[in-house]
Each structure stands twice: as C-alpha cells, then as structure tokens.
Amino acid sequence: LLTAAFLCHFSRTRQWWRLAVMCSTLCSYVSILTADAVLNVSQWLSCDKDYNSMWQLMWLLAVMQCTSLFFALDFVHVSFVLVLQWASFVAGLLFLQARWHQQSEQGEWRWPEPELKMNSTDRSSSRFVVDCLLIATVALFMLLLAMRRLNRSERQNFVNTFVLLHKVNSQVKQMKGTRVELLALFSNPRVAESSPIQLRPLALGQELKHLLRAVPAVHLAVEPAAGLDDVRAAIKAHDPRIILFSGHSFMGSLAFELPNGRIDLPPPNEFIELLAQPAAPRLKCVFLNGCQTAELAYKIVSQLPWLSAICWCSITEDSAARAFAQGFYDAVGCYIAGGESVQVELAYWAGLERMHTDGFRLGDPSLYLHPPDHAHVRNPQFSGCVGCCPPVHGLVVMLSNRCGEVNVLTTDAREKHLHTSRISGMGSSLATSPCDVMAASMSSSIVSLSTVASWRSDGTPNDGALGHAASFDGLNSGMAGSRSHPLPSIWTAVTLDELQRGDLFKRAQSSTRSTLEATISLSSSMKHSSMKASLQA
C-alpha cells in the first residue's frame, strides 16, 4: 500500500494509478494468506484449523469492503480485483486444508458430514471449510451487485453535476461577456471640409436599435465609434464567432474613427491580423456592411481560409444595407436564442429576403449613375430618371475558401456557367438545374424565418420577434431534415477582378424575385398550413 501511494505521488507514474491500486490491494491480501503458509500445522486439531479458516474469511470480507469503498475504482476494476481476491481466498483455504490434512496424518480426506461438530477430534475434516466458501461466494456477489448500483448512481450524479456546472459556467461567462457570439463594430467618422474625401453620414442608430432587439444582449458586444485599438481589445476580451463592421470604406480599407472623431484608414493587413486564430480562435464569419468592401473580404478569405465573409461588391444605398443587416441579425438572433450554432449561409439568405421585402433590388447602382458633368448631378430628378434614382441598390455577396480557391455564393442561378458549380454538402452534381436548387435553398430559409418572425399582413416582421423566438429545430422538421443535411448552396470560384466587375451577377437584381416565386409554388406542397399562410402573407 505504501508503494502504491508512493507511485501515485509522482506525476510520471500517476497516470497508472488504477493499476497501482489494483496490484497493491491484491498483494496486500495475498500477503496475509501467505503468512499462514509458514505455520506449523502438524499439531492442529480440527477446531484449530476451522478457527484459522474463520479468520481468513473475516480478513477477506474486510479487504473486499475496503477495496470496494475506499479506492475510487470503477466498477470494472473493482470487479476484477474482487474476483481475484476471492479466488486467492479459495486457493489459500484449500491449500491450507490439504497441508493440514497431510501433516497431521489424518488419512484420506472425506467430504464433511452434516451432523459433524466443530470440537470433534475423531474426524479428519469438518464442514466449516464449505461454509466459509459459501459465505465468501455470497459476499462476493452481494458486493458486486452493490458496487454496480453505487457505480450507476455515481455516474448519474457525475453527469448531473457536470451538466449543471457547465450551465453555471456558461451563465457566468455570459454575465462577464466572455461568451459573445456577435461583435458589432460601428464607425461613422467625419472628415475636414477641405479634405478631398467626403463621407456622407450614415444612419447607424436605426441599425443598432434593430441589432439590440434581435440578438440577446448576453451574446452581443457593441463597439460604437470603433477604432482599430478598440477592435483589438474587443476581440481579445470577447473572442466572438461573428464580427460585424458597419461603416464606410475607402481604397480597400475600413474607415475607423480616431479619438477625436476624425477618419482613420489603417492598412488592410492590420485589420486582417486581428482576425487570425491566435487572436480570435472562435471566429468563423466577418460581415463587412460597407460600400465596396469586396477587395478586403477577398483578402480575408484568401489569407484566412477558415473564415467566410459577407461584403458589398459595389456602392450601396444606406437603407438597403440596413435592410440586409436587419434580416441577417434576425436569423443570427434566432439561432443564438435557441442555443444553436449560427448557420451563416441561412442568415445571408435571410438578409437577401428582408432586403427584397423592403423593396430593394440587387445590382450595381454605379452602372446607372450620371457622369460628373451631367445636368442632373446638381439638380437631381428622382422621379422617372434611373440615373438619379437607380433601380438597383447594391450587390452583396458571401465568400468562402473552398479547396484553396475563393468561392462566391451566387444569387443568380440562371447563368449558364453556373451549371457546373459545386453543390455544397453533396458529393456529385445534381440532375436538376441550378435554378431549382437555389429556389429550394431559398425557400427553406424564407419559410423558416417567416414562421419564426410572425410576419404581419403588410410583410414586415414584428419588432424583436425574431431575436427572441424559438429555435429552428421544430421549424425545419417539415423541410426534409435541413438540420441533419446542410442546405444546398451554389458556389463557384471567382477572382477579385470578376468580383469587382460583377460579371457573375449581371442579372442578380431579378433573381431574388424568381426564387420567391419558386418558393410560393413550393409552399403548396407543404404539410404545415401555418408556414404556407405566413409565406403567402
């Protein structure tokens, strides 16, 4: 026992503590048995031999109980040791019986008779040895049964304690702000009047208000008037899963704020370094809600392939960007409130659906704007002039690194070159057209979000309904198991030039309407009438 305690004391041998305890308990009892092997039993009477057998049985019962209760062994290890101790007792008892029978010249050994008395001297053996064997066997089975029940109870208590402890730790981290899922960075800097860069003030208050209503507060961290140092400190303190930047961008850099409120344009690589795994190990998505952020998003996905990015490939209307962000926040809030991992693809589709519901269309507005010397530049006419009021309001895309190449989740499934696109989550190409696949993917996202949001009759969601609704478990149950099988998405490789030119999205402004119409037709086959009614609304 001291040797086992010595081995368990050192870190190098502590990993084998169970083996040391099992060997020590077995050897300790065997040492007690072997002590009787050196005794002179030639002068023993039958009662002396029975008396010794009784003490061996008492030692066995004491050692078995100590082994079961005092050494914190699992049921399998305890069972193994108890069986070996019982076998040692049987072997030692029979060996001592045979040795006494031989040395005392009792003659041929006979099976004890039922009427034999303990103090008789005219018999070569008694039935006491049989009683000891039966008692030891019954004690063994009773201890095994008791340890099995005790082990089950201990395991249940351990599981319950572990679950409760994990829940308490999660709540403590939430209260301390260390379990943040979404880190929101808002920046609306100002520039000097004499500066060649003129930035239009953004209505970030409306977006912030909807964000606070959609995402549970314990899972949200907001940095208003964010500077690069604020971003670094927030990422280190919260370790978020999703980072949102809402503000301006210029020449591939995000426009942060200095302490005096003026604009700060740090190099893109400084911002990308803050997103690396040593600084943000849990991060999986970056949402750049600003004009012409595709170049920076492309660099992020290229240098950090485990991240996905949502960005704008063109200039965008402030209200259109805000509408997309509100749909994205609603979906993120639903997943977080339900305790589920956020599906960024579904949140991206939710943003597109909210953007379309509010009357905005995908496309590059700069293709419609007047040249600088046009007469409408000074005197715009917002009625009947597409140059003053473009029919499209911005182009938002989602980027992901797949097999070493930057891929884009396209919204226009009718382009011919997309027929060879890979379907994520499926190993082979589908026989159906990409339009059908995209319509099915869009329908699943729209139906899920529409049911959770409790849409009003005018097509707008109740304030805060999405952020505190139930999880998507029950909603997706009627959609061919969308949780167990990821929603099919059309991804295609893209270069930075193609992304900035918008070659893949020439007809994107009308694609969302086609997917919505396909969704309406698909709703007729749905089992749940509430989903169909909310989608029709």
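Good morning. The structure under discussion is a predicted model, and the distances I quote are computed from it.

Are these two partners buried or exposed? Lys 49 has a relative accessibility of 1% and therefore counts as buried, the limit being under 20%. Asp 50 is likewise buried, with a relative accessible area of 1%.

In total, the structure holds 10 salt bridges.

Arg 18 forms a salt bridge with Asp 74, and here the closest N and O atoms are 3.8 Å apart. Which parts of the chain does this pair tie together? Arg 18 belongs to helix 3, residues 17-35, while Asp 74 sits in the loop between helix 4 (46-69) and helix 5 (75-103), so the bridge joins parts that are 56 residues apart in sequence. As for accessibility, Arg 18 counts as partly exposed at 33%, and Asp 74 counts as partly exposed at 25%.

Lys 299 forms a salt bridge with Glu 295, the closest N and O atoms being 3.8 Å apart. Both residues lie in helix 10, which spans residues 294-303, and because they are 4 residues apart there, about one helical turn separates them. Lys 299 is partly exposed, at 29% relative accessibility, and Glu 295 is partly exposed as well, at 27%.

Salt bridges also link three residues into a network: Glu 181, Arg 241 and Arg 282.

The largest nonpolar core comprises 81 residues, and the members that touch the most others are Phe 271, Leu 275, Ile 310 and Leu 399. Which helix gives this core its largest share? That is helix 11, residues 318-337, with 11 residues.

Ile 310 deserves a separate word. Setting aside neighbours within four places in sequence, its contacts include Cys 285, Val 286, Phe 287 and Leu 288. Ile 310 is also in contact with Phe 324 and Phe 328, with Val 344 and Tyr 348, and with Val 396, Val 397 and Met 398.

Finally, there is a second, separate core of 24 residues, among them Met 22, Val 90, Leu 140 and Leu 143. Thank you; I welcome your questions.

How values were computed: Residues numbered from 1 in each chain as written. Predicted model: local features only at pLDDT ≥ 70, side-chain atom pairs only at ≥ 80, totals over all residues. Heavy atoms only, no water. Core = buried A, V, L, I, M, F, W, Y, C linked by side-chain atoms within 4.5 Å. Buried < 20%, exposed > 50% of the residue type's maximum accessible area, 1.4 Å probe, protein only. Helix = DSSP H or I, 4+ residues; strand = E, 2+ residues; numbered from the N terminus. Contact = heavy atoms within 4.5 Å. Salt bridge = Lys/Arg side-chain N within 4 Å of Asp/Glu carboxyl O.
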